[in-house]
Amino acid sequence: MGSATDAVDTRVTRNTASMLGARVVMAVSGLVSVPVVYQSLGPREFGVWIVLAGLLAMAALIDLGLGSALVREVAKAGSAADRDLVRRLLGLALGWAVLLGLLTVGALGVCWPWISGLLRLGDLADEAWHATIWLVLGLVAGAVELPWRAVLEGGQRYGSLAAVSAGTAVLGAALAILVVRLGGGLVALAASAAATGAIRTLLLAGATHRQHPELSPRWGRLHRRDVRRIGGYGMRVQVSTGAGMVNVELDRLVLGGVFSPAVAGDFDLGTRLLNLLRLPPSLALVVLFPAAVARSAAQGVGWADRFHLAATRYLALFLAPAAAALMVSADPLVRLWLGHQVTWATVNILVLTPAYALNLISGATTVVARAEGRPGLETRYVLLSVVLNLALTVPLIWLCGPLGVPLSTALAVVLSTAYFLVHFHAATARRLTPLAQAIWPPIAVAVAAGLVTSAASRYLPDGPGRLDAALAVSSRAGLTLLVAAVLLVVGGHVSASDRMRLHRLLRAPAAILAPTTGGPR
């Protein structure tokens with residue numbers, strides 16, 4: 001048992017490290033390319049690019065959640081019969097990808113005059129339409145890669161996935177910079193994105209064929225029972241995972257339609273910096289999901305409960321202070337990145353960061369729900385999030401102007417996340433008190449640390465240049481994290497066993513999969 005557990009932990013550690021490296025490369029690629037694209041296109045054309053990307057991202061949500069469902073099926077497949085079923089399900093996903101492209105092109109073609117007017121594209125409407133065609137090709141390429149990505153994720157072959165993702169991210173950033181530096185506009189930029197997507201699909205297909213030739217997609221008859229099972233699971237997961245994307249993309253579209261694409265672009269810059277906070281925990285949860293499925297099936301509810309509390313505790317310990325550090329350094333961080341102040345980008349960070357941090361802290365609950373085959377527990381809360389966002393957007397825009405758009409999203413995310421945590425514990429007969437005790441100390445400490453740094457910010461270095469902004473970011477973020485760490489230790493919220501576990505996590509992130517709070521491993 002011990003050697004098997006160590007093998008799983010080693011694999012998850014290696015996978016986490018691989019994907020973390022890839023995500024860092026992807027994040028750095030975006031941080032390098034976005035300012036160049038922004039400055040070359042200008043605020044208005046960049047805003048149109050952001051709005052088009054958001055439109056296509058929402059179109060991608062009609063993939064029925066097959067990606068998550070197939071990852072789960074691959075992770076569970078043990079027998080030859082299971083693998084044969086998985087191959088036919090992969091073939092179903094491949095066929096749906098092609099159909100998705102045709103449906104999207106047809107829908108956009110019919111609705112384009114209305115869309116261009118709604119989004120205030122003006123004299124850029126024709127160029128935006130041709131760019132959209134290229135973006136649809138990229139969307140199809142991303143959908144076609146779904147079966148091969150599912151095999152790599154379900155088989156926990158994250159090394160290959162990380163290498164392809166990092167390499168194509170660098171390629172995509174380089175192509176984007178090249179085309180805008182050569183004077184290309186929206187169409188050339190969209191064509192470079194489509195080419196990058198096609199190359200990524202080919203590389204993933206090749207890697208999957210080498211490592212799992214027995215799981216290549218094939219056409220075959222599927223029992224209606226299997227289609228309903230996969231479709232039902234996928235749809236519930238899709239509603240859950242898509243809600244966050246809908247909220248973000250809806251913000252872009254509303255800002256572009258009600259105000260202007262330039263305003264939408266400025267807000268999106270803040271969202272891209274906010275994604276730095278979301279990167280490590282979201283990555284860890286993606287990597288842990290297939291391992292959690294296998295471990296829950298083998299060791300049962302007791303392990304899932306220990307994992308749930310341990311993962312939530314460490315998510316809170318990381319996210320709460322990091323969110324406070326991001327908020328107090330938001331303005332100089334934007335100036336450091338872009339070279340000048342963009343007010344709406346800073347405002348977006350300040351408004352959305354607390355809400356997204358709370359939502360990410362609930363990520364361990366999401367993993368447990370999916371691992372136990374209960375994705376429907378998420379459905380109500382994510383639908384509530386979308387409904388609240390839509391309901392709050394109009395009155396808050398009337399009261400607050402553009403600020404009302406991210407504010408409605410933040411309120412919707414906080415209220416729906418709180419509902420999800422309560423609903424999950426009630427539906428699974430788990431006590432909510434232990435989870436609350438794991439969450440509240442880091443949040444309280446982060447608030448205190450942020451207030452201390454805000455009060456001291458006038459005495460910390462700052463100035464108009466990028467070097468001054470770098471000093472401001474490092475001093476404000478460093479002071480916030482230092483104060484938070486001291487308060488956690490002094491307040492007794494980090495015990496000796498916690499420090500030992502944190503040390504283990506620094507050496508091996510997969511240690512979170514092996515809770516030491518008692519019970520068999």
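The structure is a predicted model, so local features need pLDDT of at least 70 and side-chain atom pairs count only at pLDDT 80 or more, while totals for chains, interfaces and linings use all residues. Residues are numbered from 1 along each chain as its sequence is written, and side-chain values use heavy atoms, with hydrogens and water left out.

Start with the inside. A nonpolar core here is a set of buried Ala, Val, Leu, Ile, Met, Phe, Trp, Tyr and Cys residues joined through side-chain atoms within 4.5 Å. Buried means under 20% relative accessible area, exposed means over 50%, and partly exposed is anything in between (1.4 Å probe, protein chains only). The largest such core holds 84 residues, and Phe46, Leu189 and Leu269 have the most contacts inside it. Its top contributor is helix H10 (residues 261-328), which supplies 17 residues. Helices (H or I, at least four residues) and strands (E, at least two) are DSSP runs, numbered from the N terminus. Leaving out residues up to four places away in sequence, Leu269 touches Val34, Tyr38, Phe46, Trp337, Leu338, Val342 and Ala345; contact means heavy atoms within 4.5 Å. There is also a second, separate core of 12 residues, with Val74, Leu85, Val86 and Leu89 among them.

Next comes helix H15 (residues 404-427), where Ala410 sits. Ala410 is buried because its relative accessibility is 7%. Beyond its neighbours within four places in sequence, Ala410 is in contact with Val351, Leu352 and Ala355. Thr353 is 57 residues from Ala410 in sequence, yet their C-alpha atoms are 8.3 Å apart. Setting aside residues up to four places off in sequence, His423 touches Leu377 and Arg380.

Helix H17 (residues 466-490) passes a simple length check. Buried residues in H17 include Ala469, Ala472, Val473, Arg476 and Leu488. After H17 comes Gly492, with a positive phi near 75°.

Finally, the cysteines. A search of the whole structure turns up 0 disulfides, a disulfide being a pair of cysteine sulfur atoms within 2.5 Å. Cys111 is partly exposed, at 33% relative accessible area, and Cys400 is partly exposed at 34%.
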